[in-house]
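Please look over the chain below and read this short briefing beside it.

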Amino acid sequence: MPTEILMPALSPTMEEGTLAKWLVKEGDEVASGDILAEIETDKATMEFEAVDEGTIGKILIEEGSEGVKVNTPIAVLLEEGESADDIETSSAPAKEEKPQAEEAPKAAEAETPEAGYGRGATDANDAPTKSDAKAPAAPKDDKGGRIFASPLARRIAADKGLDLTQIEGSGPRGRIVKADVESAKPTAAKADSPAAAKDAAPVTQPAPAGPSSDAVRKMYEDREVEEVKLDGMRKTIAARLTEAKQTVPHFYLRRDIQIDALLSFRSDLNKQLEARGVKLSVNDFIIKACALALQSVPDANAVWAGDRILKLKPSDVAVAVAIEGGLFTPVLQDADTKSLSTLSAQMKDLATRARDRKLAPHEYQGGSFAISNLGMFGIDNFDAVINPPHGAILAVGAGVKKPIIGKDGEITAATVMSVTLSVDHRVIDGALGAQLLNAIVENLENPMIMLA
């Protein structure tokens with residue numbers, strides 16, 4: 001039977017997306033790895049690749065459609081020997097208003113519809129058709145559970161005399177496709193069991209408390225307002241930060257850092273690096289200082305994992321980047337091992353692609369620590385919200401000339417930068433957080449040691 005191509009989950013937080021553009025049309029032949037469409041997630045516009053080979057039999061969702069739920073059928077793929085006449089109504093999204101009572105007994109006896117792109121064993125809910133009964137029987141594992149494989153993969157396995165229970169599927173939800181059968185890799189645990197499908201299902205965040213949208217609109221019905229529609233990014237930011245403030249026990253540690261030595265050291269380095277086209281920012285030094293501090297205080301290089309704490313070996317530091325309509329936190333991996341010039345170049349590249357929404361998920365996921373710098377906007381100090389599962393985030397303010405008491409008791413002027421470390425108390429206790437912040441301050445007030 002034809003295979004449904006489902007709306008993929010292109011990031012862990014994705015529950016719906018916009019089908020921005022189709023790159024194929026009905027009748028086009030595609031191979032595994034071909035780009036089918038461009039899909040806008042809550043963070044970026046990403047390309048969606050074909051898993052199986054075949055012919056695009058029907059496009060179910062038009063390009064430009066917003067709010068397409070993950071696992072919604074968006075197209076139908078015809079494999080060898082199939083035609084458009086084989087496409088039944090079961091390939092279209094189910095209509096909720098259609099009565100199901102009379103079909104229930106038959107559905108209970110019939111075989112579950114074939115899994116497609118992103119479809120797991122518990123996702124199939126369409127009523128079976130006559131074409132389902134004619135399709136080749138799906139194999140069973142030793143416990144009687146169904147093994148999901150494409151019709152082409154089943155035919156190749158039968159021709160080669162291969163046991164599908166011994167092959168690990170690389171398709172969505174562990175579905176066995178042509179490439180798996182041809183390479184005949186031994187299987188491990190199957191990923192298409194009901195339990196695995198349940199674990200992989202997107203988690204919907206509870207709606208934040210407060211007045212309803214209708215109630216808020218009513219408050220301002222006699223005022224001139226502009227209604228701004230929420231895109232996927234803004235919805236995700238709202239959900240995650242609401243969750244963070246409601247569930248993460250924040251506490252805050254504040255320090256003033258004298259950065260005159262840092263500014264002088266940076267100026268000298270930039271003069272020497274000018275011929276190479278390198279210009280270091282204060283933020284580059286802050287990234288390096290935090291990365292090295294996480295190595296000096298390894299117990300603070302940790303994240304909250306629900307029922308345990310995970311301590312990281314490398315210093316993977318996320319840096320907040322403001323973009324139109326929201327923000328990204330691209331992650332600089334192994335930041336403790338990289339030179340200042342390398343960190344500077346990588347940060348510029350990540351920030352540029354973040355503003356163009358061209359970052360891949362692995363570039364903005366992970367890390368144990370984050371930095372949010374609003375100093376360039378003239379902000380003296382602020383408290384940042386932790387980005388779960390990170391253990392802490394450093395809020396950085398502007399460097400400002402202030403009078404200070406010198407070592408000999410004299411009043412002098414210094415450039416002072418205020419920072420606030422927001423800490424997850426489940427991961428890092430007060431004394432440990434203080435050690436981490438002290439290490440950051442030590443690195444920034446004595447920048448030469450960061451080159452040792």
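Lys229 and Glu66 are both exposed, where exposed means over 50% relative accessible area, buried under 20% and partly exposed in between (1.4 Å probe, protein chains only). This is a predicted model, in which local features need pLDDT of at least 70 and side-chain atom pairs count only at pLDDT 80 or more, while totals for chains, interfaces and linings use all residues. Residues are numbered from 1 along each chain as its sequence is written, and side-chain values use heavy atoms, with hydrogens and water left out.

**Salt bridges**

- Side chains of opposite charge can pair when their charged atoms come close.
- The whole structure has 13 salt bridges, each being a side-chain nitrogen of Lys or Arg within 4 Å of a carboxyl oxygen of Asp or Glu.
- One of them joins the side chains of Lys229 and Glu66, at 2.6 Å from N to O.
- This pair links distant parts of the chain, 163 residues apart: Lys229 is in the loop between α6 (213–219) and α7 (232–247), and Glu66 is in strand β7 (residues 65–69).
- Helices (H or I, at least four residues) and strands (E, at least two) are DSSP runs, numbered from the N terminus.
- Asp214 and Arg217 also form a salt bridge, with 2.6 Å between N and O.
- Both Asp214 and Arg217 lie in helix α6, three residues apart, which is about one turn of the helix.
- Asp214 counts as exposed because its relative accessibility is 54%, whereas Arg217, at 41%, is partly exposed.
- In the salt bridge between Lys25 and Asp28, the closest N and O atoms are 3.3 Å apart.
- Lys25 has a relative accessibility of 53%, so it counts as exposed; Asp28, at 22%, is partly exposed.

**A buried site**

- Asn283 belongs to helix α9 (residues 282–296).
- Asn283 counts as buried because its relative accessibility is 14%.
- Its side chain makes a polar contact of 2.9 Å with the side chain of Asn373.
- A polar contact is a pair of N or O atoms within 3.5 Å; within protein, one must be able to donate a hydrogen and the other to accept it, and residues adjacent in sequence count only if both atoms are side-chain atoms.
- Leaving aside neighbours within four places in sequence, Asn283 is in contact (heavy atoms within 4.5 Å) with Val319, Ile371 and Asn373.

**Confidence**

- The protein chain averages a pLDDT (the predictor's confidence in each residue, from 0 to 100) of 80, and 78% of the residues score at least 70.
- Over residues 89–136 the pLDDT is below 50.
- Where pLDDT is low, the predicted coordinates should not be read in detail.
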